[in-house]
Amino acid sequence: MQLPRSRPALATLCAVFIAALLPLAASGQSGTSKAAAAKPAAPSPKVHFILTPRWQGEAWHFLVEARFPATTGTETAIDLPDEFGPARNMHANIRNLESLDPGVTIKEGAKPAQRVLAHKAKRPPGQPLRLRYEVHNKQRDKLSHESFYDPILEPGWFHLVGHGVFVQPAHFTEKDSVDLTIEWRNIPDDWSLAGSHGIKAGATTVWNQRNVALQLARHAIYVGGDFRLHKTEIRGRPLYIAVRGERKFKDEDFVAATQKVVAAHREFWGDFDFPHFLITHVANSYDSGSYGGTALHHAFAMHTAADFTVASAAFDFLIGHEHLHTWVPSRIGIRPKGADEGLSYWFSEGFTNYLTHRLLVKSGLWSRERYAEAINKLIQRYLASPARNFDNRTTADNFWKRRDAGDMPYQRGELVALRWNAALAAQGESLDSLLKKLQTRDANGEMATDRLIRALKPHLAGVEQDVARFVDRGETVELGGDLLGPCYEKRNVPVPQYEAGFNVNETIKNRMITGIVEGSAAWRAGLRNGMKTRSLSIRQDDVDNDVKISVEDADGQAKKMDYRPVKEVAGLVPQYFVKAGADTDKACMTWF
């Protein structure tokens with residue numbers, strides 16, 4: 001969560017990702033002469049959205065027409081865009097909502113983001129309700145990770161996460177299938193257009209999806225304008241990459257590096273069944289340290305700061321982690337909804353981190369040394385975290401409120417995965433193989449974590465006890481000497497400990513130094529409570545880079561007070577190092 005930097009590597013805020021809802025194939029059966037023929041499947045309800053840009057000088061908005069089935073009664077509730085990830089009150093971007101049907105009125109619903117259509121008489125079967133509304137740009141000082149999820153409509157381009165765009169009939173559930181149409185009209189000839197459901201096919205572009213979950217309209221990305229659209233293929237299936245903004249990398253390098261990561265994942269899972277996949281990139285407003293994104297249906301949307309490069313661990317990890325959400329948890333099982341969703345992040349985020357790191361080594365993109373460096377950083381941050389011993393409920397409740405709590409499921413889950421993989425390896429098995437066997441397109445409504453634990457129990461004693469201890473109660477995960485396998489040895493070494501020296505969240509919020517820690521490096525640099533901040537660049541949990549801060553002096557002039565955010569006393573921390581001879585050790589060579 002960027003404050004003004006994104007969670008470093010470990011947390012790209014992909015926890016907002018919702019398990020992809022895959023098309024449900026409708027089929028009928030034909031009987032024999034001794035059995036009655038099965039009734040043909042009832043047609044799916046039709047839902048149709050039409051999006052048309054409307055300009056007012058340089059400012060513009062999308063006019064959206066929505067057509068969908070009514071309820072069987074005389075009132076139909078609709079849910080407006082509301083929350084997704086860090087975005088809140090998204091319905092404020094929806095304006096001039098009106099019915100296109102005579103005699104249908106609109107009134108307030110039970111929630112701020114709900115409206116009720118009163119249609120007095122029951123609607124004839126097949127006759128849709130029709131609405132029209134405007135989607136406007138969310139006003140923002142800068143493009144940050146928080147504003148990334150709201151509608152972005154700027155001169156010459158747009159970036160829309162579907163959760164901020166489409167209304168949805170409240171009587172539809174995630175299990176209900178529809179015939180979904182998304183239609184784009186009057187898109188300028190010189191604009192690109194790409195989304196989770198396809199790419200531009202002229203001034204009018206129509207994307208049809210039959211027998212799919214309605215949620216697929218929302219859980220999707222849509223971009224257009226001056227994006228540079230590239231196409232490559234993996235086993236004949238298109239991979240589209242839409243890039244906007246100037247960065248230090250070349251587009252062709254971005255495309256080539258992304259293709260390597262995506263191909264490695266599909267090889268690992270043995271899964272190439274994708275009609276297409278889209279990765280979008282926009283430049284955020286920061287000079288350094290900020291990057292993030294979210295996984296969506298057949299897509300991944302990302303943003304980066306000016307210093308982001310392709311040939312970096314950050315790039316490999318960001319692309320790798322988000323793309324792996326194609327499988328974890330969505331092709332293993334479902335996860336809780338609502339307030340309980342965060343209780344499963346230790347698996348959906350932590351195990352995704354586990355696989356991301358391992359597959360980067362397995363594919364040859366990372367060395368064993370780089371892998372150790374990533375895990376060692378994870379251990380340092382985990383052991384130093386004030387949220388380390390939060391129980392799972394406290395962690396989930398604070399996921400969006402506190403950065404340390406938001407990072408904890410990623411850290412805790414990966415360490416639990418490493419612990420289980422080491423225990424399985426002692427029996428000649430691996431967690432990687434078990435996860436691949438759990439892959440399914442139909443988990444029959446079963447929780448991903450339940451399927452995982454049930455699969456592990458015959459092989460590992462104490463799996464449920466581990467979950468109770470390290471996840472539910474938040475006990476510190478035990479780090480054994482074999483945690484990273486035969487390639488590595490464990491040593492306890494002095495490690496610099498991170499300390500910002502002030503309350504970062506409150507300082508950014510108030511643009512004033514708040515919560516200074518007396519005696520800290522920030523204090524020694526001269527920072528004091530109440531100083532007005534002019535600029536702040538901080539990579540939280542990073543002891544290798546200075547905090548760059550400018551405050552206002554007594555004369556109203558900017559004064560730099562940069563410092564390294566490290567405690568004076570270093571602590572002993574378990575760290576892992578590549579063993580001598582690892583390159584020729586057969587056990588090591590087959591570990592990844």
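Contact here means heavy atoms within 4.5 Å, and buried means under 20% relative accessible area, exposed over 50% and partly exposed in between (1.4 Å probe, protein chains only). Helices (H or I, at least four residues) and strands (E, at least two) are DSSP runs, numbered from the N terminus. Welcome to a predicted model, in which local features need pLDDT of at least 70 and side-chain atom pairs count only at pLDDT 80 or more, while totals for chains, interfaces and linings use all residues. Residues are numbered from 1 along each chain as its sequence is written, and side-chain values use heavy atoms, with hydrogens and water left out.

**Helix α10**
- Helix α10 covers residues 448-456, and its buried residues are Ala448, Thr449, Arg451, Leu452, Ile453 and Leu456.
- Those buried residues pack against α4 (345-348), α5, α8 (403-425), α9 (431-437) and α11 (463-472).

**Helix pairs around α6**
- Axes are lines fitted to C-alpha atoms, for helices over the stretch in contact, and angles run from 0 to 180 degrees between N-to-C directions.
- Helix α5 (residues 350-362) and helix α6 (residues 368-384) have axes that come within 9 Å and cross at roughly 165°.
- α5 and α6 are therefore roughly antiparallel to each other (angles under 35 degrees count as roughly parallel, over 145 as roughly antiparallel, 65 to 115 as roughly perpendicular and the rest as oblique).
- On the α5 side, His357, Arg358 and Val361 meet Tyr371, Ala374 and Ile375 of α6.
- The residues of this α5 and α6 contact are four nonpolar, one polar and one charged (Ala, Val, Leu, Ile, Met, Phe, Trp, Tyr, Cys and Pro count as nonpolar, Asp, Glu, Lys and Arg as charged, and the others, Gly among them, as polar).
- α6 also packs with α8, at an angle of about 120° and with the axes 10 Å apart, which makes α6 oblique to α8.
- Residues making the contact include Tyr371 and Ile375 of α6 and Met408 and Leu415 of α8.
- By class, the contact of α6 with α8 has eight nonpolar, one polar and three charged residues.

**The open sheet**
- Five strands form an open, antiparallel sheet in the order β8-β9-β15-β12-β13 (two strands pair if DSSP finds at least two bridges between them).
- β8 (152-154) and β13 (198-199) are at the edges with a single partner strand each, so one side of each lacks a neighbour in the sheet.
- Five antiparallel bridges join β9 (residues 157-161) to β15 (residues 221-225), and histidine 159 has valine 223 in β15 as its bridge partner.

**Asparagine 93**
- Asparagine 93 sits in the loop between β3 (75-79) and β4 (94-99), and is buried, with a relative accessible area of 5%.
- Leaving aside neighbours within four places in sequence, asparagine 93 is in contact with Glu134, Val135, His136, Asn137, Lys138, Asp150 and Pro151.
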